[in-house]
Amino acid sequence: MKLVIDHVSRSYKRHLAIDDVSCELTPGIYGLIGPNGAGKTTLMRMLADVLRPSSGQITVNGTSTAVLGERYRDLLGYLPQEVGFYSYFTGERFMRYIASLKGLPGRESEARITALLRLVQLEDQRHRKIGHYSGGMKRRLGIAQALLNDPKLLILDEPTAGLDPKERIRLRNLLSDISGERIVILSTHIITDIEFIAKEVLILKDGRLVRQDPPEQILHELEGKVWSVQIPAHRLHELEKQYMVGNIQRRGDEALARIIADRRPEGEATALEPRLEDIYLYYFGDQPERDE
Ligand SMILES: Nc1ncnc2c1ncn2[C@@H]1O[C@H](COP(=O)(O)OP(=O)(O)OP(=O)(O)O)[C@@H](O)[C@H]1O
Ligand SMILES: [Mg+2]
């Protein structure tokens, strides 16, 4: 399957949220990153067919999704950034409800519901009301419903938001396992979510797609640009004026700062191995947002 985003733009009134994005996606995992407001959700909503592009089109194996209609939606699994759960539904009832919306036959879907609830470790919570679930449990239920129709195209908008580190690792492994013949697109602010599993990283900045490359390639380009600098803590602000500064470790009066610089900075600097997190700093000149 080949999914093509062909010169897609989307504006809200006069604000251009997605600006002429083009790319080709084939089976594998794609990590979509970009700061708040970059347009990730807008792009994903268009891919999920809940929002129309203002211009351009999305095609599957050459046919526009506008033409495919229902046949396109049958291929899709979508986890929105915010899922509107009915809090008085139990997890199981919610899954049945989504299965019927997707037109899945009853008997088949019962077995699938059980398997998916097990997969996201909610089997023992299936008879509890969603209103009593924790944030992470709701997220996992959202992931389970996106998988109900065994989608060939899986769109997950911040699937790891609110998951604890152990759950995040489980989700990462799960996505790796199921990716096979599927196209999986996930957005995240946590770069480690995609570092090891993404075939390609898509970087959105102000609605434009500024990169689409394998993580190794992006990392390779950062080689020789990441440094650890040790300076007296009172001089940190000078450093911040000069360079893009990432993590800072304080050790009494001294500070150890991770910075991005094309050449070796002055003073006590050591070259560091680039990490995918550094690209956030490199492209957005700011620290990545972390929720851990
Ligand atoms: N329904 C809407 N009406 C008007 N403007 C909107 C609407 N939805 C999004 N926008 C604007 O479009 C831009 C892109 O928003 P979007 O939600 O796609 O970003 P995002 O990358 O998903 O951000 P986040 O990381 O915060 O989820 C923002 O400037 C936002 O204010
Ligand atoms: Mg978003």
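Buried, in what follows, means under 20% relative accessible area, exposed means over 50%, and partly exposed is in between, with a 1.4 Å probe and protein chains only. By that scale E24 is partly exposed, at 46% relative accessibility.

This is a predicted model, so to say where the limits lie: local features need pLDDT of at least 70, side-chain atom pairs count only at pLDDT 80 or more, and totals for chains, interfaces and linings use all residues. Residues are numbered from 1 along each chain as its sequence is written, chains are lettered from A and ligands numbered from 1 in the order in which they are written, and side-chain values use heavy atoms, with hydrogens and water left out.

A salt bridge here is a side-chain nitrogen of Lys or Arg within 4 Å of a carboxyl oxygen of Asp or Glu. The count by this rule is 19 salt bridges. In general, side chains of opposite charge can pair when their charged atoms come close.

E24 has K2 as a salt-bridge partner, at 3.5 Å from N to O. K2 sits in the segment before β1 (3–12) and E24 in strand β2, so this pair links distant parts of the chain, 22 residues apart. When I say helix or strand, I mean DSSP runs numbered from the N terminus, with helices being H or I of at least four residues and strands being E of at least two. K2 is also partly exposed, with a relative accessible area of 35%.

Next, E70 and R73. Their closest N and O atoms are 3.4 Å apart, in a salt bridge. Both are in helix α3 (residues 70–73), and being three residues apart they are separated by about one helical turn. R73 is partly exposed, at 37% relative accessible area.

Which residue pairs with R258 in a salt bridge? It is D278, and the closest N and O atoms of the two are 2.9 Å apart. R258 lies in strand β13 (residues 254–260) and D278 in helix α11 (residues 276–284), so the pair ties together parts that are 20 residues apart in sequence. R258 and D278 are both buried. There is also a network: E92, R96, E110 and R126 are joined by salt bridges that share partners.

Now the ligand. The shell around ligand 1 has 14 residues, the closest being N36, G37, K40, T41 and T42. To be in the shell, a residue needs a heavy atom within 4 Å of the ligand. By type, the shell residues divide into four nonpolar, eight polar and two charged.

Where does the shell come from? β2 (15–25) and α1 (40–47) each supply at least two of its residues, and α1 gives the most, with three.

As for individual atoms, a polar side-chain atom of N36 lies 2.9 Å from an oxygen atom of ligand 1. A polar side-chain atom of Q81 is 3.0 Å from a ligand oxygen. With A38 the backbone is involved: one of its polar backbone atoms is 3.2 Å from an oxygen atom of ligand 1. On its own, ligand 1 has 630 Å² of accessible area, and the protein covers 63% of that. Those areas come from the Shrake-Rupley method with a 1.4 Å probe.

On to aromatics. Rings of Phe, Tyr and Trp (its six-membered ring) pair if their centres lie within 6.5 Å, and planes under 30 degrees apart count as stacked, over 60 as edge-to-face and the rest as tilted. That rule gives eight aromatic pairs. Y86 and Y97 are an edge-to-face pair, 5.9 Å centre to centre with 70° between the planes. Y86 is in the loop between β6 (76–79) and α4 (91–101) and Y97 is in helix α4, so the pair ties together parts 11 residues apart in sequence. Y86 is partly exposed at 34%, and Y97 is partly exposed at 30%. Ring pairs also link Y86, Y88, F89 and Y97 into a cluster.

Last, the backbone. Most residues other than glycine have a negative phi. H7, in strand β1, has a positive phi of about 50° although it is not a glycine. N61, in the loop between β4 (55–60) and β5 (63–64), has a positive phi of about 45° and is not a glycine either. H7 is partly exposed at 47%, whereas N61 is exposed at 54%.

Notes:
Polar contact = N/O pair within 3.5 Å; in protein donor to acceptor, adjacent residues only side chain to side chain. Nonpolar A, V, L, I, M, F, W, Y, C, P; charged D, E, K, R; others polar.
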